[in-house]
Amino acid sequence: MAPDSADKRRSLTDADLLDSAYASPPCLLGELDPVWLGGLTEADVLALLHELKELQQEGMRIVCALDPEDATAGRIGLSGLQRSVTARCETLTRQIGRFRSGQGAGSDPSARSIAIPALAVKPAMARFRQIQETSARIIRDALPRLFDDRLATQLREMAHACDEELERWRDDPVLSGKR
């Protein structure tokens, strides 16, 4: 084979590879907006994060309103629960800030504070259980449509934490709502 025919073949191959008509579609997926692939828009992600933060803040208000001297509240592990919900609120706040960074600062609609009087444990925990179930469901529904790996990982961990709390109370007749 003559050297100039090999050079010709090599340059033709390089040109073909650079021609987008021959590029493989999976190679171009990184250039597509995730919305075209069924992903959530940034506005949808922000709405999701605000909804979850609002739910977790309500959960925090409930947990903080429980009487720590109540025997049933002692079974809950109130201080651990407060730390867990606080960590979820902080994670959501950081993620909201991360997604908002390019959109300009505005007031956070979920940052309002509502005073709640002291609550009876059983109805309070029924509402808290409902909040955790709703949070976990919302997260599981959104995960397949999230294309941000860091956010998806943190939300997956959050859903797992909600599920663990619910599982821990499942067999308790008062906390599970069976009594």
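**Figure 1. The contacts of Gln-132 in a predicted model.** Gln-132 touches Gln-56, Arg-88, Cys-162, Glu-165 and Leu-166, leaving out residues up to four places away in sequence; contact here means heavy atoms within 4.5 Å. This is a predicted model, in which local features need pLDDT of at least 70 and side-chain atom pairs count only at pLDDT 80 or more, while totals for chains, interfaces and linings use all residues. Residues are numbered from 1 along each chain as its sequence is written, and side-chain values use heavy atoms, with hydrogens and water left out. Gln-132 sits in helix 6 (residues 121-142); helices (H or I, at least four residues) and strands (E, at least two) are DSSP runs, numbered from the N terminus. With a relative accessible area of 0%, Gln-132 is buried. The burial classes are buried under 20% relative accessible area, exposed over 50% and partly exposed in between (1.4 Å probe, protein chains only).

Figure 2. Helix 5 covers residues 78-100, 23 residues in total. From first C-alpha to last, helix 5 reaches 33 Å, close to the 33 Å expected at 1.5 Å a residue; the expected span is 1.5 Å times one less than the number of residues. Buried residues in helix 5 include Leu-81, Val-85, Arg-88, Leu-92, Gln-95 and Phe-99. As you follow the helix, keep in mind that an α-helix has 3.6 residues a turn, so residues three or four places apart point the same way.

**Figure 3. Helix 5 against helix 6.** These two helices pack at an angle of about 35°, with their axes 14 Å apart. Axes are lines fitted to C-alpha atoms, for helices over the stretch in contact, and angles run from 0 to 180 degrees between N-to-C directions. Helix 5 passes helix 6 in a left-handed crossing, meaning that the near helix is turned anticlockwise from the far one by less than a right angle. Leu-81, Val-85 and Arg-88 of helix 5 meet Met-125, Phe-128 and Gln-132 of helix 6.

**Figure 4. Helix 6 against helix 7.** Here the packing angle is about 145° and the axes lie 9 Å apart. Helix 6 passes helix 7 in a left-handed crossing.

**Figure 5. Arg-150 and its partners.** Arg-150 belongs to helix 7 (residues 149-169) and is partly exposed, with a relative accessible area of 49%. Setting aside neighbours within four places in sequence, Arg-150 is in contact with Gln-95 and Arg-98. The C-alpha atoms of Arg-150 and Gln-95 are separated by 9.3 Å, although the residues are 55 apart along the chain.

**Figure 6. The cysteines.** A disulfide is taken as a pair of cysteine sulfur atoms within 2.5 Å, and by this rule the count is zero. The sulfur of Cys-64 is too far for a bond, because the closest cysteine sulfur, in Cys-89, is 9.6 Å away. Cys-64 is partly exposed at 49% relative accessible area, whereas Cys-162 is buried at 0%.

**Figure 7. The whole chain, for context.** The protein chain has seven helices and zero strands. Buried residues account for 35% of its 179 residues. Of the contacts between residues at least 6 apart in sequence, 80% join residues at least 24 apart.
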